[in-house]
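Have the sequence and the model open as you read.

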Amino acid sequence: MAVTRLVIAIVAATGLFVAAATFAFADGSGDPAAVKNEDGKYYDKEGNPTFKVHSDGTVDWFTYSGFRRYHSDCHVCHGPDGEGSSYAPALSSSLKTMSYPEFAAVVVNGRKNVNTAQENVMPAFGMNPNVMCYLDDLFVYLRARANGAVPRGRPQKHEEKPEAATQAENSCLGHKS
């Protein structure tokens, strides 16, 4: 059960990061500039996953994958391209102030906001491999949208899928290589 181990690791890590995030991420998702590339995945100076858009508009694989996963699992509530709906908020706006650990905590654990006018419930996706195996991809895509780095719609060009991404995906989903 690779997914169960992954979920436990993410929940444990998220709990630790959320406690540290109170001070370390006061500026939300922070500076999205990619300063490191490991096997085709880009990271910012804080070590958070981030996007890379080349001058010709080509996006990194993980931004493209995040677009695909977002429109598979998230757009029904949060609207196309993270722009929100009458049912759920615009994640392209939320990621302007939300850090990676905060994002991960909400996706894993869900959230319930209740006030006198409405009740909003985000279900927990911590046991859903179709979301959890692509948590970084979702964050990267929405971070790119929040920073205006990619327009609405499917990215026209993307980098090739790195072998490391294929291996991680197979492991997370329990597929044999």
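## The disulfide

The link of C133 and C172 is left-handed, with -85° about the S-S bond. C133 sits in the loop between α6 (129-132) and α7 (135-146), while C172 belongs to helix α8 (residues 163-173), so to speak a link between distant parts of the chain, 39 residues apart. Helices here are DSSP runs of H or I with at least four residues, strands are E runs of at least two, and both are numbered from the N terminus.

The S to S distance between C133 and C172 is 1.9 Å; a disulfide here is a pair of cysteine sulfur atoms within 2.5 Å. Searching the whole structure turns up one disulfide. C133 and C172 are both buried (buried is under 20% relative accessible area, exposed is over 50%, and partly exposed is in between, with a 1.4 Å probe and protein chains only). Another cysteine, C74, counts as buried at 17% relative accessibility.

## Where the numbers come from

This is a predicted model, where local features need pLDDT of at least 70 and side-chain atom pairs count only at pLDDT 80 or more, while totals for chains, interfaces and linings use all residues. Residues are numbered from 1 along each chain as its sequence is written, and side-chain values use heavy atoms, with hydrogens and water left out.

## Salt bridges around E169

The salt-bridge count comes to six, taking a side-chain nitrogen of Lys or Arg within 4 Å of a carboxyl oxygen of Asp or Glu. One of them pairs R69 with E169, with the closest N and O atoms 3.7 Å apart. R69 lies in helix α2 (residues 61-73) and E169 in helix α8, so this pair ties together parts 100 residues apart in sequence. Both R69 and E169 are buried.

E169 also forms a salt bridge with K161, where the closest N and O atoms are 2.5 Å apart. K161 is partly exposed, at 31% relative accessible area. Shared partners join R69, K161 and E169 into one network.

## The sheet and K41

Three strands make an open sheet in the order β1-β2-β3, with antiparallel pairing (strands pair if DSSP finds at least two bridges between them). β1 (36-38) and β3 (49-50) are at the edges with a single partner strand each, so one side of each has no neighbour in the sheet. Three bridges connect β1 to β2 (residues 41-43), and E38 stands opposite K41.

K41 also forms a salt bridge with D136, the closest N and O atoms being 2.7 Å apart. That pair links strand β2 to helix α7, 95 residues apart. K41 is buried, with a relative accessible area of 16%.
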